[in-house]
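Please look over the helix packing in this model.

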Amino acid sequence: MFLFQRFLEKGNKIKSSISRIDVHTHVIPPVWGKGLSEHGGDPSGWTLPEWTPQTALDFMDSNKIGTSVLSLTAPGVCGWKGQARLEMARKVNEYTADVVQKHPKRFGNFLTLPLSEIEGALKEIEYGFDHLKADGVVLLSNYEGMYLGDSALEPVWKELNKRSAVVFVHPNDPSVPGKFVIPGPVVDYPFDTTRSAAQMVYNGVMDRYQNIKVILAHAGGFLPFAVRRFAELIPVVRKARHEENIPTANSLMETFRKFYFDTALSSSPEGLPSLLAFAKPGHVLFGSDNPYASRPVSESFVYMLDNYKDFKDGQYDSINQDGALELFPRLKA
């Protein structure tokens, strides 16, 4: 609370002198927002905020964000069924592409895929990259209980790998028994991101598909803090199951370090040291979570990032811009 009060007292003065690239910011297409309540709503319990391209630009200008790569947040199009799911994903992607076309220097586009419809997702990847010129895709941490390391998703990973795609993994409401009294984004979302990332490593997704670049939302949930635990215990589990080619803890650490991470709601003086100690150089990227994190909360974390005292040479600029420029060559222009 002290940091937030100090942020307010300073009148929202952002010290960054460079134009940030925000890899974690959300689009709310009107057709999707209007239909969401009739298709299951948001099971996480979060309230749908207001969003327009202009309100996004206003937020960006106030926080020295040059470009925001837009993504549809959870629950995505999971509430729609069958053909309606495919059609809504297409509407979301075409709306977002239109926003980008009108503001090509200010916005980018992470495609929404109609998973768990595999064939539909493959067609949307082709259409999105070849016709809409998308900058990457957004995947949810789970789709109705199917996590991203599931073998059913192999065709999707294979196609994304062929295209050397940037993949933004956003948490979804976890498929676990019992409902927590606090809305999912507070506690459950970081858990679900961690769960999905660990399964991707355990099932070999990050080793088989070397061309993909995977960004984990919210600093990877609990991953940076608990990754050594995962790396040490996974070989024990594999050995107990009599599996072959058991990896070492150190090799697993390197596999986990292939992930990229964003700073949305995670750039606190408590969270940054663990993230920066674990992540590879250039693998920590700026994120705001606008507009789902309220503007005061988003800007509080921006303030914490700008006033963090222990960055090494180049880390601050890498987070704000340089790391993302390596992932999105289009923005270098």
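## Helices α3 and α12

α3 and α12 make a right-handed crossing; a crossing is right-handed if the near helix is turned clockwise from the far one by less than a right angle, and left-handed if anticlockwise. α3 covers residues 53–62 and α12 covers residues 295–306. Helices (H or I, at least four residues) and strands (E, at least two) are DSSP runs, numbered from the N terminus.

The model is predicted: local features need pLDDT of at least 70, side-chain atom pairs count only at pLDDT 80 or more, and totals for chains, interfaces and linings use all residues. Residues are numbered from 1 along each chain as its sequence is written, and side-chain values use heavy atoms, with hydrogens and water left out.

The two helices pack at about 30°, with axes 11 Å apart. Axes are lines fitted to C-alpha atoms, for helices over the stretch in contact, and angles run from 0 to 180 degrees between N-to-C directions. α3 and α12 are therefore roughly parallel (under 35 degrees; over 145 is roughly antiparallel, 65 to 115 roughly perpendicular, the rest oblique).

Asp58, Phe59 and Ser62 of α3 meet Arg295, Ser298 and Glu299 of α12. Contact means heavy atoms within 4.5 Å. By class, this contact has one nonpolar, two polar and three charged residues. Ala, Val, Leu, Ile, Met, Phe, Trp, Tyr, Cys and Pro count as nonpolar, Asp, Glu, Lys and Arg as charged, and the others, Gly among them, as polar.

## Helices α4 and α5

α4 (residues 83–102) packs on α5 (residues 118–130) at about 20°, with axes 11 Å apart. That makes the pair roughly parallel. The crossing is right-handed.

From α4, Leu86, Ala89, Arg90, Asn93 and Glu94 meet Gly120, Glu124 and Tyr127 of α5. Three residues in this contact are nonpolar, two polar and three charged.

## Burial in α5 and α6

Among the buried residues of α5 are Ile118, Ala121, Ile125 and Phe129. Buried means under 20% relative accessible area, exposed over 50%, partly exposed in between (1.4 Å probe, protein chains only). The cover over the buried residues of α5 includes α4, β3, β4 and α6.

In α6, the buried set includes Val156, Trp157 and Leu160. The buried residues of α6 pack against α5, β4, β7, α7 and α8.

## Single residues

Lysine 34 lies in α2 (residues 30–36). Its relative accessibility is 67%, so lysine 34 counts as exposed.
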